Amino acid sequence: MAIINQASKELQVKIVYYGPAMGGKTTNLVKVHENIQTAQEKGKLVSLATSSDRTLFFDFLPIEAVAIKGFKTKFQLYTVPGQVIYNTTRQLVLRGVDGIVFVADSQYEKMPENVESFANLEDNLRALKMNLVNIPYVLQYNKRDLPNVAPADYLEFLLNNRDIQVPSFSASASRCDGVFETLNMITRMLLHKFLSESARRSA
Amino acid sequence: MSTLPQLIEEDIRHIDGALNDLLTKSEATSALVLDKGGFLITQCGEIRRFDITTLGALAAAMYAATEGIASLVNEVNFSSVYQQGENFSLLVNNVDAHCLLVVIFRAQISVGAVKYYALGTISEVAQQMQAAQARAPGEGYDLSALNIAETAPLFHKKQA
């Protein structure tokens, strides 16, 4: 869970990019790292990947946002490995998560994998005694630049067909389209959640 | 899910005191206290030498992965991971349900000595965490100073 360090006036938040294999989770982090405009020194992107560039454990990118009312806000972005066999690893990375970006692959043939990965996310959160009702998350429909993509409405029906719908973004991470919109939305939702929890406690 | 208690300056001062004491006695280079999710809580010693944010994230993941492996071989008494190096070695110790203590020390220094002195530090850090928890049980956040209106958008894309 997020760390509030009143002594150093720091707020640290963990965001995990989740989704099926080869869906563009790592590309999201790479594009954030390449394109972020920051006054601070840019954090290093660490990838624990196989020789064929498939994520083995996780990718990790620490970024610092502008200070909010004197608080230094530090965001730690992680990806999980998408391959089915790495489920234990995905659970480890989800530990202490504050917000989730679910990166779906928009190609028609990837729909079963999207649905399976989303169900796997719910299972893994349950194992950690968490659930999507309490954790802010957004959906990103990636690879919109490819020819064989399903309509966004269809992806909405498959992945966002719930009592409470969450924000979703069409993206083409390889071109950095939609990457910052997604990141800004999840951070905004997270900060709103922390604030409302804080207000409820002090009431 | 229980969370790390909210820490105030007094807590960090106590923990830093314990870490500095450990560094003096063991002659270790740096000591960090991490949240098990990979966040850095506080650090002492020669911290500029290392990328401690990344080190913290990787050390927490390494500890969690090794703990998982230990449980697969029915090892229930798992409390530390030691990485032996040629220049620097690293010891990751469990503190409590939320925290880890990481000690970085020169390879010439005996790990036994570091482990011995770390025991006292672990106990002190755990006590301070308990004190913080007791001060405000169930209290995790106090973000009354934040103003969401100022946060949008937090991250900007560089102009081409």
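Reader: What makes the radius of gyration of chain A agree with that of a compact globule?
Author: The radius of gyration is taken over C-alpha atoms, and the globule rule is 2.2 Å times the number of residues to the power 0.38. For 203 residues a compact globule would have a value near 17 Å; chain A has 17 Å, and therefore the two agree. Along the principal axes, the C-alpha atoms of chain A fill a box of roughly 50 × 40 × 30 Å.

Reader: How do you know how far the model may be trusted, and how are its parts labelled?
Author: This is a predicted model, in which local features need pLDDT of at least 70 and side-chain atom pairs count only at pLDDT 80 or more, while totals for chains, interfaces and linings use all residues. Residues are numbered from 1 along each chain as its sequence is written, and chains are lettered from A and ligands numbered from 1 in the order in which they are written. The pLDDT is the predictor's confidence in each residue, from 0 to 100. Chain A averages 89, and 92% of its residues score at least 70. Within chain A, confidence is lowest in strand β1 (residues 3–5), at a mean of 71, and highest in strand β8 (residues 137–142), at 98.

Reader: What counts as a helix or a strand, and how many of each has chain A?
Author: Helices (H or I, at least four residues) and strands (E, at least two) are DSSP runs, numbered from the N terminus. By this rule chain A has five helices and nine strands. Their order from the N terminus is β-β-α-β-β-β-β-α-β-α-β-α-β-α.

Reader: Why is Pro136(A) called buried?
Author: A residue is buried if 20 or more other C-beta atoms, placed from the backbone, lie within 10 Å of its own, exposed if 12 or fewer, and partly exposed in between. Pro136(A) has 22 such neighbours inside 10 Å, and so counts as buried. Pro136(A) is in the loop between α3 (111–127) and β8 of chain A. Buried residues make up 48% of the 203 residues in chain A.

Reader: Which residues does Pro136(A) touch, leaving aside those up to four places away in sequence?
Author: Two residues are in contact if their C-beta atoms, placed from the backbone, lie within 7 Å. On that basis Pro136(A) touches Gly99(A), Ile186(A), Met189(A), Leu190(A) and Lys193(A). Among contacts in chain A between residues at least 6 apart in sequence, 70% join residues at least 24 apart.

Reader: Why do Cys176(A) and Glu27(B) count as partly exposed?
Author: Cys176(A) has 19 C-beta neighbours inside 10 Å, and therefore counts as partly exposed. Glu27(B) has 15 inside 10 Å, and therefore counts as partly exposed. Cys176(A) is in the loop between β9 (168–170) and α5 (179–202) of chain A, and has a positive phi of about 65° although it is not a glycine. Glu27(B) is in the loop between α1 and β1 of chain B, with a positive phi near 65°.

Reader: What is the order of the strands in the open sheet of chain B?
Author: Two strands pair if DSSP finds at least two bridges between them. The five strands of this open sheet have the order β2-β1-β5-β4-β3, with antiparallel pairing. The edge strands are β2 (40–45) and β3 (80–83) of chain B, each pairing on one side only. Four bridges join β3(B) to strand β4 (residues 88–94) of chain B; Val81(B) has Val92(B) in β4(B) as its bridge partner.
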